Amino acid sequence: WAPGGEDAEPSGLHRAVHREVEATLRSSLARRMDRLQRALEALGPAGSGATPGAEAPAAADVAAAQVNTKLLADAAARAIRAADAAAKPPAKIYGPTPQQRQRRGGGAPNK
């Protein structure tokens, strides 16, 4: 796209802005790819599952992973219960408040 129609040449400002945006996007992509690469290297071959013939994790590592999975499952269950409780509308109670009932002579509560 170029201002002024399809045949028009983009302005110098338009080209400069385009170059700057392109450079910013490329550097951002390079940083994200570097972070991802470092994260994959930190996992190692046993954690990635993509390396055929990689050594199996030690029994202690498997036990630690199971403990972490249990903690994660417990936290997820608590979060789901809290979200479910928050999603329910509050109970609406109609009628006089206890203070209003006292002023009126202590009538029976409306339920």
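## Burial and overall layout

A residue counts as buried when its relative accessible area is under 20%, as exposed when the value is over 50%, and as partly exposed in between. In this predicted model, 4% of the 111 residues of the protein count as buried. The protein exposes about 10000 Å², and carbon and sulfur atoms supply 60% of that area.

The protein has three helices and zero strands. From the N terminus on, its elements run α-α-α.

## Salt bridges

Side chains of opposite charge can pair when their charged atoms come close. The whole structure holds three salt bridges.

One of them joins E22 and R26, whose closest N and O atoms are 3.0 Å apart. Both residues lie in helix α1, four residues apart, which is about one turn of the helix. E22 is partly exposed at 31% relative accessibility, whereas R26 is exposed at 57%.

K70 and D74 form another salt bridge, with 3.3 Å from N to O. This pair lies in helix α2 (residues 59-87), again with a spacing of four residues, about one turn of the helix. K70 has a relative accessibility of 52%, so it counts as exposed; D74, at 32%, is partly exposed.

In the salt bridge between D84 and K88, the closest N and O atoms are 4.0 Å apart. D84 is partly exposed at 43%, and K88 is exposed at 53%.

## A positive patch

R31, R32, R35 and R38 gather on the surface in a patch of positive charge. Among them, R35 is placed in helix α1 (residues 12-48). R35 has a relative accessible area of 48%, so it counts as partly exposed.

Note on methods:
Residues are numbered from 1 along each chain as its sequence is written. This is a predicted model: local features need pLDDT of at least 70, side-chain atom pairs count only at pLDDT 80 or more; totals for chains, interfaces and linings use all residues. Side-chain values use heavy atoms; hydrogens and water are left out. Patches are made of residues with over 30% relative accessible area and no salt bridge: like charges are joined within 9 Å, nonpolar side chains (Val, Leu, Ile, Met, Phe, Trp, Tyr) within 5 Å. Accessible areas come from the Shrake-Rupley method with a 1.4 Å probe; for residues, only the protein chains shown count as cover. A salt bridge is a side-chain nitrogen of Lys or Arg within 4 Å of a carboxyl oxygen of Asp or Glu. Lys and Arg count as positive and Asp and Glu as negative; His and the chain ends are not counted. The place of a charge is taken as NZ of Lys, CZ of Arg, CG of Asp or CD of Glu. Helices (H or I, at least four residues) and strands (E, at least two) are DSSP runs, numbered from the N terminus. Buried means under 20% relative accessible area, exposed over 50%, partly exposed in between (1.4 Å probe, protein chains only).
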